[in-house]
Amino acid sequence: MSPPLEPQADFMKFPTVFLALALAAGAAQARDVTHELGTTDVPDSPERIVVLEFSFIDALAALNLAPVGIADDDQRDRVQPVWSERIGDDWTSVGTRKTPNLEIIASLQPDLIIADKSRHAAVYETLGQIAPTVVYDSLTGDYEDMLAVADEIGTALGRAEEMDAFQAGHGARMDALRADVSEQTQGDDAQFGVINANVLWLHSPKSYVGSLLASFGFAPVMPLTGSDSYGELYQKTTLEQLSALDPGLLILGKSGDGRTLDQDWNADSLWQQIDAVERGRLFNVSSDLWSRARGMLTAEEIAADIRDIAATLK
């Protein structure tokens, strides 16, 4: 499991031939959409949409819209099953979220691209030459930010009423799940982190998962900071630092069945004395779901995991 990807990257130069192809594919423009990096004319009913972050898949899936291209990190299994049930599998990988392949994007002749502010600001102008491009904050957004972005995407697509209806249902489902665990979670603290063979990355209270845990009544473990920068949201953490935080409940996101750092720590007294470890409150979850899959449909799956975890607490 790799840590969350750092924003910004160098992009390959965009060949003229693909620029010409993209411009030739332009669709009639119908509405001005204001987003993080400006205002873009967006087609009235875009049909060939490319998404460059996983949360944007979720927004389209909520509307039963299938993108033609997805930045899937060259790993199709990172597209969550709950999304595939709604969007199918007839889409093309456009490479990684950090450095999407501009030639492939252009070859799909999209009529709309949805990009992330942190990852794609440097290539925004080039994306805009391929197709109308709107940019939102996914990488550094929390749960409420994700909901707001989904609402904006619904408006940009001319599907505001449908998105409002889905969000109302989502809110009701989340409230029901919160009610199921309210007695178990109140007064407990909880910490989420992603761990691989070499590194533990803790997600701060202002991160997406941190804010989601707080919405279920868990108290934060890490101190609150005034910054929502990438480095503050996702912090590389040593065993000594984790021991000092001493979480009462620890949820670790893991990918696959490979060795992870906590297995090396298992014989260390610092690890064994952490409250969550000592009390048997250590839980493993999917890092792809919990760390990467920010969205409404996936939040409901994370909430189901939280319900299962909470059932063991009291």
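Predicted model: local features only at pLDDT ≥ 70, side-chain atom pairs only at ≥ 80, totals over all residues.
**Salt bridges**

Side chains of opposite charge can pair when their charged atoms come close.

| Pair | N to O distance | Relative accessible area |
|---|---|---|
| Glu-53 and Arg-294 | 3.5 Å | Glu-53 1%, Arg-294 4% |
| Arg-173 and Glu-300 | 3.0 Å | Arg-173 37%, Glu-300 16% |
| Arg-259 and Asp-264 | 2.2 Å | Arg-259 45%, Asp-264 43% |

The side chains of Glu-53 and Arg-294 form a salt bridge with an N to O distance of 3.5 Å. Glu-53 sits in the loop between strand 3 (49-51) and helix 2, while Arg-294 sits in the loop between helix 15 (287-292) and helix 16 (296-310), so this pair ties together parts that are 241 residues apart in sequence. Because buried means under 20% relative accessible area, Glu-53 at 1% counts as buried, and Arg-294 at 4% is likewise buried. Glu-53 and Arg-294 also belong to a network of salt bridges, in which they are linked with Asp-73, Arg-78, Arg-97, Arg-119, Asp-288 and Arg-292.

A salt bridge also joins the side chains of Arg-173 and Glu-300, at 3.0 Å from N to O. This pair links distant parts of the chain, since Arg-173 belongs to helix 8 (residues 160-185) and Glu-300 to helix 16, 127 residues apart. Arg-173 is partly exposed, with a relative accessible area of 37%, whereas Glu-300 is buried at 16%.

In the pair formed by Arg-259 and Asp-264, the side chains meet at 2.2 Å from N to O. Arg-259 is partly exposed at 45% relative accessible area, and Asp-264 is also partly exposed, at 43% relative accessibility.

**Backbone features**

Most residues other than glycine have a negative phi, and most peptide bonds are trans. Gln-109, another residue other than glycine, has a positive phi near 50°. Gln-109 is found in the loop between helix 4 (102-107) and strand 6 (112-116), and with 37% relative accessibility Gln-109 counts as partly exposed.

Conventions: Residues numbered from 1 in each chain as written. Heavy atoms only, no water. Helix = DSSP H or I, 4+ residues; strand = E, 2+ residues; numbered from the N terminus. Buried < 20%, exposed > 50% of the residue type's maximum accessible area, 1.4 Å probe, protein only.
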